[in-house]
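Trainee: I would like to go through the terms used for this structure and check each one against its rule.
Mentor: Ask about each term in turn, and we will set the value beside the cut-off.

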Amino acid sequence: MKKVTQFLVFSSLFISMLLAHVSVSAQNIKPDEDNAGLTLPKGFAALKVADNLGRTRHIVVNKQGAIYAKLERLDNGKGVLVLKDTDGDGRAETKTSFGNYTGTGIAIKGNYLYAASNKEVFKYALNDNGDIVDENAAATIVTGLVDKGQHNSKSITLDNAGNIYVNVGAPSNSCQEKDRTKGSMGMMPCPILDSAGGIWQFKVDQLNQSYASGVRYATGLRNVVGLDWNNQLNQLFVTQHGRDMLNNLFPDLYDTTISAELPSETMYAIKKGDNAGWPFIYYDHVKGKKMMAPEYGGDGVKTVDDKYINPAMAFPAHMAPNGLLFYTGNQFPARYKNGAFIAFHGSWNRSPLPQEGYYVVFVPYENGKPTGKWEVFANGFSGKSVVKNPRDAQHRPCGLAEGPDGSLYISDDVKGTIYRIMYQK
Amino acid sequence: MQRIYLTFVVLFLFIAGASAQTNNKLVAASIARGKTVYLQRCMVCHQADGGGVPKLNAPLDASTAVNGSDVSKLIKYIVKGFADRVEIDGELYSNAMPAAADLTDQQIADVLTFIRSNWSNKAGPVSTLQVKQTRSKLK
């Protein structure tokens, strides 16, 4: 009898040790020796959760710590990956997949996972373990969105009132009669804005919604890839890819240096009905002004004062803000809480100057507003000190997610690496 | 007799050599002009190394089509633009290439000659006449 009790005590001790090990905190997870090749602020460490996954775009982590990643190109016919760390070492041991569509956007709200193709948004029920109940039972909640190749990725985020926000990028650079063609002027009005170049709002509990049943929540946004609902402010924030090719299209007005540095990449705090001004304006962070676009009579000097909203924050040109995340965790030092992380995919539109971006930035917030400063948080993804040509970049940051323990996850869509950043003092 | 023959051979070799040389010079001049066009009109998308931008703008370096013999196809891309989104060497590209119809026949011949002979590409030149002929059929 005593032996049996002893056995029971020991075995339950052993089991609880095992369990404790699985839910081990970031303090005890061993980072990669080279911090996964990244340069981070003091006290932070990194590891590669998984590698060679394919074109992993946006990612989300469930309460149990499993990662869902949306693929831009199918892997064995599937477009969503599920990665699990089964032994608590911080690295993923298992990979499964489902969904036969490509895309970018992915999000979890309550007990549902939402994933976007380039035209639709699907909804899946999750069980208490955070697993998909039935991967073949996807509900199509949004359908028929514009997909013409250019700027076709759909990013999604959800509020706390049963709405989902979807970006529909404009299949155009600046709404010229002939896209990206020298000498072609801007269309007035810009017909693209009816069905693209903005953020649309839909209900999470209705099927097959499209333009007629959705709300054009904000317009004049050329191509938003990063968007996140800020729960502290209860407001939508988005990051826009600014227009390209000022010099190529208007060489008499913009030289190659100005064209490499302008226009700004922008982050906006969005209210319903806002208009950010594309294609009629672009933002110049050096002047701190909204500038009239050359396709619509601008000359690099003419400004537009009212009518359109101002960005909450502006960044140098062409760096491609693909991921936005407001940090709500407690693992990182206090100054990070409620600030914004932005994954800059990296530029291509700056040659002959070297390219920029290819890093993750932190934007500190104070009293619900960005302080106006930004800092490079994680660098080294490209594997190059200077990226001259985009194809030389080994990794490009794209998606961001926060884990249940406050770790920051970053996806790369070149090789399909998922990084986990932890604070370890 | 033998002497006369030899003179002919020498003369022939001389002329052939000289015309090859002029031809080389002409091609070199075309490449140089083509580079200027490339820098102003193509490099923004296809990049300095001809490598394009993954998933966005097709690479010209080591491209099957750029190195291929169907020159009229390349001429058409420049005159009409290209946004078919068909697989190019196994990859899709999402950007839209604008038409550059304002370029002259010679500028198009020059820029194609440049991209076909630069980086790792080793295909032959494109002549102004080829551009003229293809272009007249495109209208």
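Mentor: A salt bridge here is a side-chain nitrogen of Lys or Arg within 4 Å of a carboxyl oxygen of Asp or Glu. By that rule there are six salt bridges across the interface of chain A and chain B. This is a predicted model, in which local features need pLDDT of at least 70 and side-chain atom pairs count only at pLDDT 80 or more, while totals for chains, interfaces and linings use all residues. Residues are numbered from 1 along each chain as its sequence is written, chains are lettered from A in the order in which they are written, and side-chain values use heavy atoms, with hydrogens and water left out.

Trainee: What makes Asp49(B) and Arg391(A) a salt bridge?
Mentor: The closest N and O atoms of Asp49(B) and Arg391(A) are 2.9 Å apart. The limit is 4 Å, so the pair qualifies.

Trainee: What is the charged share of the side of chain A that touches chain B?
Mentor: That side has 13 charged residues, eight polar and four nonpolar. Asp, Glu, Lys and Arg count as charged; Ala, Val, Leu, Ile, Met, Phe, Trp, Tyr, Cys and Pro count as nonpolar; the others, Gly among them, count as polar.

Trainee: How many residues does each chain bring to the contact?
Mentor: Chain A brings 25 residues and chain B brings 26 residues, where contact means heavy atoms within 4.5 Å.

Trainee: How much area do chain A and chain B bury between them?
Mentor: About 2,000 Å², with 48% of it on carbon and sulfur atoms. Asn248(A), Trp348(A) and Arg391(A) supply 30% of the area that chain A buries against chain B, more than any other three residues. Buried area is the accessible area (1.4 Å probe) that two parts lose on being put together, summed over both.

Trainee: How do you know that Cys175(A) and Cys190(A) form a disulfide?
Mentor: Their sulfur atoms are 2.1 Å apart, and a disulfide is a pair of cysteine sulfur atoms within 2.5 Å, so the pair passes. The structure holds one disulfide over all chains. Both Cys175(A) and Cys190(A) lie in the loop between strand S11 (163-168) and strand S12 (198-203) of chain A, 15 residues apart. Strands (E, at least two residues) and helices (H or I, at least four) are DSSP runs, numbered from the N terminus.

Trainee: Why is this disulfide called right-handed?
Mentor: The torsion about the S-S bond of Cys175(A) and Cys190(A) is about 95 degrees, so the disulfide is right-handed.

Trainee: Why does Cys42(B) count as buried?
Mentor: Its relative accessibility is 17%, and buried means under 20% relative accessible area, with exposed over 50% and partly exposed in between (1.4 Å probe, protein chains only). Cys398(A) is at 0% and counts as buried. Cys175(A) and Cys190(A) are buried as well.

Trainee: What makes Arg33(B) and Asp110(B) a pair that links distant parts of chain B?
Mentor: Arg33(B) is in helix H1 (residues 2-41) and Asp110(B) is in helix H5 (residues 105-117), 77 residues apart. Their side chains meet in a salt bridge at 2.7 Å, N to O. Arg33(B), at 37% relative accessibility, counts as partly exposed, whereas Asp110(B), at 3%, counts as buried.

Trainee: Which residue pairs with Arg135(B) in a salt bridge?
Mentor: Asp105(B), with the closest N and O atoms 2.7 Å apart. Arg135(B) is in helix H6 (residues 128-138) and Asp105(B) is in helix H5 of chain B, 30 residues apart. Arg135(B) is buried, with a relative accessible area of 10%.

Trainee: What is the secondary structure of chain B?
Mentor: Chain B has six helices and zero strands. Of its 139 residues, 38% are buried.

Trainee: Why is Glu375(A) called partly exposed?
Mentor: Its relative accessibility is 25%, so Glu375(A) counts as partly exposed. Glu375(A) forms a salt bridge with Arg335(A), the closest N and O atoms being 2.9 Å apart. Arg335(A) is also partly exposed, at 44%.
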